[in-house]
Amino acid sequence: MASSRTERLMENAEGLDAIIIANDGEPFLDSSFWYVTEQNSGCFESSYAVVKKDGSMDVIVNVLEEETARTGKGDVKVYHSRADLETYFRDALKGCQNVGFNVHNASYASVMGIKKLVDFDFKITDASDALAATYAIKDAKEIEATRKACKISSQVAMELPGYISEGVSEKEVAAKMDARMRELGGTGNAFDTIAAFGANASQPHYMPGDYRIKQHDVALFDFGTKYDRYCSDMTRTVFLG
C-alpha cells in the first residue's frame with residue numbers, strides 16, 4: 001500500500017515512467033508542485049518536480065528557492081545554468097520512455113524545452129487524470145489543514161452581525177473580514193472576499209465598493225481563507241434591522 005503522495009501518484013499513473021510538474025511562473029503556476037513537495041510557502045517560479053516510477057522525486061529549483069525547497073519533500077537539485085538543467089533532467093529521466101505532464105498547467109514551451117534538454121526521445125503523455133485521482137484521497141495532513149481553514153471562516157461568520165452597522169461600507173467590512181481571518185491564523189484568502197449590500201447582493205460575484213449599508217438592507221458575504229494552502233468557502237446573508 002503506497003503511503004506517500006508521490007507513491008500514490010505513480011500507482012495511479014499506469015504505464016508512465018515519470019511525471020514532470022513544471023512550475024513556470026505566472027500565469028502557469030501549478031498547485032501540483034506544492035502538493036507533491038508538501039510545501040506551504042515559496043514562489044518556485046521556473047522550478048520542476050520529477051516524480052519517478054518508484055515514487056522518489058527530484059525537485060529542480062533555481063538558487064533563489066533553494067532554502068525553502070529543502071524544507072519540503074524530494075531530492076533538491078539547484079541549477080545555476082542551462083547546463084545544470086541538462087544534467088539534472090538527463091539523470092532524472094534516464095531510461096524513461098513515457099513521461100507524463102500536467103497538461104492543464106504546463107505550457108507547450110515548457111514541455112518542448114524540457115524535451116530539448118535531454119539527448120534522447122520520450123513520449124509525452126497527459127498525467128492530469130492520475131493527478132486528479134491522487135488529489136481525491138486526502139491524507140491526514142490535508143484534512144487537518146482544511147479543518148483549520150473552515151474553523152477560521154466559521155468564526156468570522158459568527159462575528160459578521162457585529163461588523164455591520166448603518167453607514168459602514170462594503171469595502172470597510174470586507175477589509176475587516178480579511179484582517180480577522182489573518183488574526184485567526186489564516187495564511188491568505190481563498191479568493192477575493194465578497195461583501196455586497198442592498199441591491200448589490202443580487203450579484204453572486206460582486207466586487208466590494210463604496211456603497212454604505214442602510215436600515216433594512218440585505219448584506220451578502222462570500223469568503224474563505226487558506227491554511228497551509230488549503231481553502232474554506234462560505235456564504236452568509238445578514239439583514240440590518
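Ala199 counts as exposed, with a relative accessibility of 69%. In this report, buried means under 20% relative accessible area, exposed means over 50%, and partly exposed covers the range in between, with a 1.4 Å probe and protein chains only. Ala199 belongs to the loop between strand 8 (194-197) and strand 9 (218-223). Although Ala199 and Val218 are 19 residues apart in sequence, their C-alpha atoms are 8.0 Å apart in space.

The structure is a predicted model, in which local features need pLDDT of at least 70 and side-chain atom pairs count only at pLDDT 80 or more, while totals for chains, interfaces and linings use all residues. Residues are numbered from 1 along each chain as its sequence is written, and side-chain values use heavy atoms, with hydrogens and water left out.

**The chain as a whole**

The chain has 8 helices and 12 strands. Both kinds of element are DSSP runs numbered from the N terminus: helices are H or I runs of at least four residues, and strands are E runs of at least two. The radius of gyration of the chain is 22 Å, whereas a compact globule of 241 residues would have a value near 18 Å. This radius is taken over C-alpha atoms, and the globule rule is 2.2 Å times the number of residues to the power 0.38. Along the principal axes, the C-alpha atoms fill a box of roughly 70 × 35 × 30 Å.

Of the 241 residues, 46% count as buried. The accessible surface of the chain is about 12,300 Å², and 51% of this area belongs to carbon and sulfur atoms. Accessible areas come from the Shrake-Rupley method with a 1.4 Å probe; for residues, only the protein chains shown count as cover. Among contacts between residues at least 6 apart in sequence, 61% join residues at least 24 apart. A contact means heavy atoms within 4.5 Å.

The chain carries 27 positive and 37 negative side chains, and the centres of the two sets lie 2 Å apart. Lys and Arg count as positive and Asp and Glu as negative, whereas His and the chain ends are not counted. Each charge is placed at NZ of Lys, CZ of Arg, CG of Asp or CD of Glu.

**Individual residues**

The table gives the relative accessible area of several residues.

| Residue | Relative accessible area | Class |
|---|---|---|
| Cys43 | 36% | partly exposed |
| Phe44 | 1% | buried |
| Cys96 | 10% | buried |
| Asp126 | 42% | partly exposed |
| Asp228 | 29% | partly exposed |

A disulfide is a covalent bond between the sulfur atoms of two cysteines. Here a disulfide is counted as a pair of cysteine sulfur atoms within 2.5 Å, and the structure holds 0 disulfides.

Phe44 has a positive phi of about 55° although it is not a glycine. Phe44 is located in the loop between helix 2 (31-37) and strand 2 (47-52). Asp228, also a residue other than glycine, has a positive phi near 50°. The loop that holds Asp228 runs between strand 10 (225-227) and strand 11 (230-231).

Asp126 lies in strand 6 (residues 123-126). Leaving aside neighbours within four places in sequence, Asp126 is in contact with Phe101 and Val103. The C-alpha atoms of Asp126 and Ile19 are separated by 9.3 Å, and these residues are 107 apart along the chain.
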